[in-house]
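Let's take a walk through this model, one piece at a time. Keep the viewer open and follow along.

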Amino acid sequence: MKILVALKRVADPANHNKVKIPAAGDKIDTAGLEWQINPFDLYALETALRLTEDGKAPKTRLGEVVAVTLGPAETETNLRSALATGADRAIRVDTTDDALDGRLVAAALQKLVEEEKPDLVLMGKQVVDGENNYVGQALAELLDWPMATFAATIKEEAGGLLVGREVDGGVSTLRVKFPAVVTVDLRIVAPDSVRSSKTAEGFKYPYEEVRFAPLPAIMQAKKKPLAVKKLADLVGGATLSSKYVKFEAPPARKAGVKVKDVQELVQKLATEAKAI
Amino acid sequence: MIEWGEQHLAIRDAFRRFVDAEIKPRREELEHGDTPPYEVLRKMFVTFGLRDMSLMRYEADLAKADKAADGSDEKVGKANPMAGEMAAMQMIPIIELSRHSPGMVTALGVSAGLTAGTIMSRGTRAQKERWAKDLLTLDTIGAWAITEPGSGSDAFGQMKASARRVEGGYVLNGNKTFITNGPWADTIVFICKLDEGNDPKDRKVLSFVLEKGMKGLDQTKPFRKMGMHSSPTGELFLSDVFVEKDRLLGETEEVSYRTGAKDTFKSERTGVVAMALGIVQQCLDLSVEYAKTRVQFGRPIGDFQLIQLKLAKMEVARMNIQNLVFRIIELAGAGKAMTLAEASACKLYCAQTATEVALEAVQLFGGNGYTAEYPVEQLARDAKVLQIYGGTDEIQISQIARSLLG
C-alpha cells in the first residue's frame, strides 16, 4: 500500500504564551516560536506506518509512506522528523503560511496525489492552530474520492478500509474503497486501533502514541529522499479565497478579589457578578 | 562545534518526550520509594535503539580486540566525524536525564559504562561474552566494587579486600561500601589484593567477576543518602567466596589494574560534565520561570537586581559547561582526547558549579525551594555528589597540580 501523509507544523502548544499579535492586528508574530508537527497529523503518520508493516518486525517495510508538508525551508526539520520516525520519503511544497488557505492546500495536495498516485491519503482530523477541519474533506471532494473523517479505528480489507468513527452515543462504521482520503482522531493510536492485512492475529502495539524515532534513524533521516516543489507549479495562479482580516488576543484576565467570608462571597456573586 | 545541530535537537526532543512520559510520572517512586531505575532504563534502551547500538559496538570492540591480538590493529588518532556524533549521542541523553534524575545516569553509567567497560578492557574474550555483553544491553545490571569502609580516595593504599590462592581457584574476602547498584547487581567486578603472605604494600591488585547469589556474597539494602535516590547504593560483604580462575579478569595475575583505568577515569569525568550541564540547565530554566511568575512587593521577583544576578551567574555557568560539552564532542570527532588532567579540570569545575547553581536555585525559590515539592531541592542534593564520586574535588585538584608542576 502506498500512503501519502499530509503534515502541518504548528507552534508548540506548550509555548503558546509566546504568540504575539502586533498592534495592527493583521497577522500573528511567529518570531521565537518553537514548532512541532500537528499532533493529529502525527497520529496519521503512526497510522500510515502501522498500515505498512506487520507490527512484529517494524524495520521491514511492507508499503510506502510519503510525508508531505507545505511551508518554508525550516519545515524540512519537521519532515526529517517524520522520516526518522519511519516515513520512506518526503515532499515539501515551498511556500509560506500566509500564502495559504485550506482551499489552496487541498488544491496543491490534489496535484501531488495525481502525481504520486497513492492508495490512501491520511491526515489529522484538524490542525490545532487554525482548527478549520477543512483540508481532508476538500481534498476528497477535489479528487472525487471516498472519504472517512475522524477515524478511531481502521481495518484493511481487500481493496479498501473499514473505518470506525466515534459519534455521539456510539460508533459508526464506514467501508471505503481505495483510493480514499481518511482523517484520523486521537484514538487511532490505541494499541489495536489499526490493523493492516499483514498485522499478525492478536498483535497489539505496546504503546498508544506516536512511536519514538530510534537514535540511528534520527541520524540517518538526512539520507532519505526529500523533494522540494514550488506551490505555483501545483496550483498555477490560484490565489487565496479566504483571508484573515483581524487577530485579537483574548482579553487579559483581571485580578481577583479576596472575600472575608461566605456571606460576602454570596453577596458579590449576586450583586457584582450577577451569577446567582 | 558551536551549537547543537538539527539532529542533536531532534534527539534532545525525543528524550524530553520520553522523560515526560516515563520518568516524570514516576518521580515519587524513583526518588523516594526505592524503586530501582532499571526497568525505565531498559525501556529507554529499547525505545531509542540504544540496545541494538550497544550490541553493534560490542561486536565491533570484539573484532577490534581480535585484530589488535593479530598485530593488525588500525591506527588510532584519525579524525572520525562519526565518533563525534557517537559522543553527542551519548551526552544528550545524559544531559536530558540529569535534568530530572541524575541518579538514573549514575546507575546506568556504573552498570553499562564502568562495570562493562572494565570487563571489556581487561577481560578475556570468553569473559566479555559471558558478562560484558549482557551488561552493555542492560539485560543484567553491574556494580564495580573498589571502595571500602577504610579506603576511599586512597583506594589501594588501605585496601583490605583479599584473594588467596587455593586448589582450583581463589578464596575472596572483604567489605565494600558505597557500591552503586550494589543492592541489585547481577554482575560485580570485585577489586582486591592478592595475599601471598607478603607486605600489603607489595601485593598485586586483582579484579574478579562475581554474580548475585554466590555462596558467601551478601548484598545489602540501599543506603539512605543525601541525594541520588534513584541510584541504589549499598554494601557488599564477602566471606570466603570461592571462585574458579575463570572469574579472574584477564585470567592472569599479571594483568595490571591500571589497564584501561585512565580511559575509565576520563569517561567518568567527562560524563560528569554532561550531568552538570543537565542540572545547571534545569535549575536555570526553573529559576527563570519562577522569577517571572513569583510576585513579591507587588512585582515579579525577576525585577529585583539580586535575583537578576543569580540568573546571570547561572547563565554564565550554563554557557561554560555547554562549551566544555561541545569541546568533548569535537575532540572525539577529531580522534583526539583530553589529557587526564584536563578531564580532571573539567570535572572539578563542573561539579562545583552544578552544586553552586543548584543551591542558588534553592535560594531563589526561597521556602518553596527548600521543600521536596519543588525539583530544585532534589537537584541540589543530587549535585553535591558530583564533587565526591568519580574522584573528589581534592583528588582532581591534586591531579591538575601534578600535571602542572611535573
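Helices (H or I, at least four residues) and strands (E, at least two) are DSSP runs, numbered from the N terminus. As for the ground rules, this is a predicted model, where local features need pLDDT of at least 70, side-chain atom pairs count only at pLDDT 80 or more, and totals for chains, interfaces and linings use all residues. Residues are numbered from 1 along each chain as its sequence is written, chains are lettered from A and ligands numbered from 1 in the order in which they are written, and side-chain values use heavy atoms, with hydrogens and water left out.

Let's begin with chain B as a whole. Of the 406 residues in chain B, 50% count as buried. Take the contacts in chain B (heavy atoms within 4.5 Å) with a separation of 6 or more: 76% of them come from residues 24 or more positions apart.

Now look at where the two chains meet. Chain A puts 14 residues into the contact and chain B puts in 16. Together they bury about 1400 Å², with 65% of it on carbon and sulfur atoms; buried area here is the accessible area (1.4 Å probe) that two parts lose on being put together, summed over both. On the chain A side, A:Phe212, A:Leu215 and A:Met219 lose the most area to chain B, together 54% of what that side buries.

Staying in chain A, find helix 2, residues 76-85. Is this helix mostly covered or mostly open? Mostly covered: eight of its 10 residues are buried. Among them are A:Glu76 and A:Arg80, along with A:Leu79 and A:Leu83.

Most residues other than glycine have a negative phi, and most peptide bonds are trans. A:Glu131, not a glycine, has a positive phi of about 55°. Look for A:Glu131 in the loop between strand 6 (120-124) and helix 4 (135-143) of chain A; at 44% relative accessibility, A:Glu131 counts as partly exposed. A:Asp144 has a positive phi too, about 60°, and sits in the loop between helix 4 and strand 7 (147-157) of chain A. With a relative accessible area of 69%, A:Asp144 is exposed. Then there's a cis peptide bond joining A:Phe178 and A:Pro179, with omega about -5°. A:Pro179 lies in the loop between strand 9 (170-177) and strand 10 (180-184) of chain A.

Last stop: A:Lys274, in the segment after helix 7 (262-271) of chain A. A:Lys274 is exposed, at 63% relative accessible area. Setting aside its neighbours within four places in sequence, A:Lys274 is in contact with A:Lys268 and A:Leu269.

Methods:
Buried means under 20% relative accessible area, exposed over 50%, partly exposed in between (1.4 Å probe, protein chains only).
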